[in-house]
Every structure is written in structure tokens, then in C-alpha cells.
Amino acid sequence: MSSRTRARGMKAAGVHTVHIPRQRGRRRAQPFVIVVPEQPSLTREFAGWVGRMLWRHRGALAPTGLAVFALAAAGVLHAVAPWIGLVLAALAAGPAVWVLLMQRRRPGTGSALAWRIGLAALVTLAGGWLAAAAGFGPLTGPLGWLWLLLWGTAQTVWLIVRRTH
């Protein structure tokens, strides 16, 4: 093995040192030294596996990303302007109005009506949570548990709807 590719001195476990000789035309320049680990660490392997799984199933995890974003946004809104909770509380009634308008324009019966009412109730509850979290803090009192319940419900409904369509 050439001295250019062989580790000098004490050899660390699983590490190769490669010395690249000086380039022509550069006087008194130090050579480049590249240290390359032989195998990635177990932590690096696990982090890569988790990242690949999250990326592969990113469509199925959309409610999770939205829930984490809502939690962070509620925290920022509470810190910056807690009064915004009053504005969000007024907007939380929007899905109930939507159900009434949809029933008037395109009357639904059976499962269509049940889905409309269920989704409107879920979105109204989520809007109410966002309003309360922006006003009082996202983890104050039962708001943390309510966030967890809303996230689990939304994720479950999302997975069921994606399977059937």
C-alpha cells in the first residue's frame, strides 16, 4: 500500500487518511488531508433511516405536519399578540356556516351529510383550539391534551380517507 493512502502514526478504528500531494506550481503549500470514516455511526444510520421514512410517507403525515405547525404558530401568536385569539375565535365559526351554505346549495343526505358535519365539527374544534391557544398559550390547562386529541383524530381520518379514494 502506498504511503499516500496509508494512515500515519496511530490509526483510529475505521478511519482512513488520504494525503493528496502538493499541486504543481504552488510553492511551500501544505498538502490537503482528507479524513473519511469507514462506516457511518449508528446514530447517523438511524437518523438517515428516520429521514427516509418521513420523506417516503410525507403525504400520509400531512396532518402531523400541520398540527406541529399549528402548535408552533399558536406559541408565537401568544408570545407576540395574545389578542389575536379573539379574532381567531370569531373565525372558528366559519365551518358551521359552510355546512349551512352547502346544505342550502347542494343538499346532502346520509354519509355525505355525516362527513360534512363531522369535518365541520373537527375544523371548528381545531379553530377554537387555535384561538384559545393563541390567547392563553398552547399548553395551558387542557389545551395540550386537546391538541393531542385533535391531531390523532385528524391523522386517523386522513389515513381512512386516503385509503378509500
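Biologist: How much accessible surface does the chain have, and what share of that belongs to carbon and sulfur atoms?
Modeller: The accessible surface comes to about 12,700 Å², and carbon and sulfur atoms hold 68% of that. Keep in mind that this is a predicted model.

Biologist: And how much of the chain is buried?
Modeller: Of the 165 residues in the chain, 18% are buried.

Biologist: OK, what's the secondary structure?
Modeller: There are 6 helices and 2 strands. Going along the sequence, the order is β-β-α-α-α-α-α-α.

Biologist: What share of the contacts links residues 24 or more positions apart?
Modeller: If you take the contacts with a separation of 6 or more, 52% of them are between residues 24 or more positions apart.

Biologist: Let's talk about H2. How many residues has it got, and how far does it reach?
Modeller: H2 covers residues 62-80, which is 19 residues. From first C-alpha to last, H2 reaches 27 Å, close to the 27 Å expected at 1.5 Å a residue.

Biologist: Which of its residues are buried?
Modeller: In H2 those are Pro 63, Ala 67 and Ala 74. Looking down the axis of H2, the buried residues fall within an arc of 45°, so they line one face of the helix.

Biologist: Why would residues spaced like that end up pointing the same way?
Modeller: An α-helix has 3.6 residues a turn, so residues three or four places apart point the same way.

Biologist: What does the buried side of H2 pack against?
Modeller: The buried residues of H2 pack against helix H5 (111-136) and helix H6 (143-164). On the other side of H2 you'll find Phe 69, Val 76, Ala 79 and Val 80, which are exposed.

Biologist: Since H6 came up, where does Gln 155 sit, and is that residue buried or exposed?
Modeller: Gln 155 is in helix H6. Gln 155 counts as buried because its relative accessibility is 9%, and the cut-off for buried is under 20%.

Biologist: What is Gln 155 in contact with?
Modeller: Setting aside neighbours within four places in sequence, Gln 155 is in contact with Ala 60, Leu 61, Pro 63 and Thr 64. Pro 63 is one of the buried residues of H2.

Biologist: Now H5. How many residues does H5 have, and how far does it reach?
Modeller: H5 has 26 residues and reaches 37 Å from its first C-alpha to its last, close to the 38 Å expected at 1.5 Å a residue.

Biologist: Which residues of H5 are buried, and what do they pack against?
Modeller: The buried ones in H5 are Arg 116, Ala 120, Leu 122, Gly 127, Trp 129, Ala 131, Ala 133 and Ala 134. The buried residues of H5 pack against H2, H3, helix H4 (94-105) and H6.

Biologist: What about Ala 126?
Modeller: Ala 126 is in helix H5 too. With 32% relative accessibility, Ala 126 counts as partly exposed. Ala 126 and Ala 67 are 59 residues apart in sequence, but 9.5 Å apart in space, C-alpha to C-alpha.

Biologist: And Gly 135, what is that one in contact with?
Modeller: Gly 135 lies in H5 and is partly exposed at 22% relative accessibility. Leaving out neighbours within four places in sequence, Gly 135 is in contact with His 78, Pro 82 and Gly 85.

Biologist: Which residue just after H5 takes a positive phi?
Modeller: That's Gly 137, with a phi of about 115°.

Notes. Residues numbered from 1 in each chain as written. Predicted model: local features only at pLDDT ≥ 70, side-chain atom pairs only at ≥ 80, totals over all residues. Heavy atoms only, no water. Helix = DSSP H or I, 4+ residues; strand = E, 2+ residues; numbered from the N terminus. Expected span 1.5 Å × (residues − 1). Buried < 20%, exposed > 50% of the residue type's maximum accessible area, 1.4 Å probe, protein only. Arc of directions from axis to C-beta. Contact = heavy atoms within 4.5 Å. Areas by Shrake-Rupley, 256 points an atom, 1.4 Å probe, with all protein chains shown as cover.
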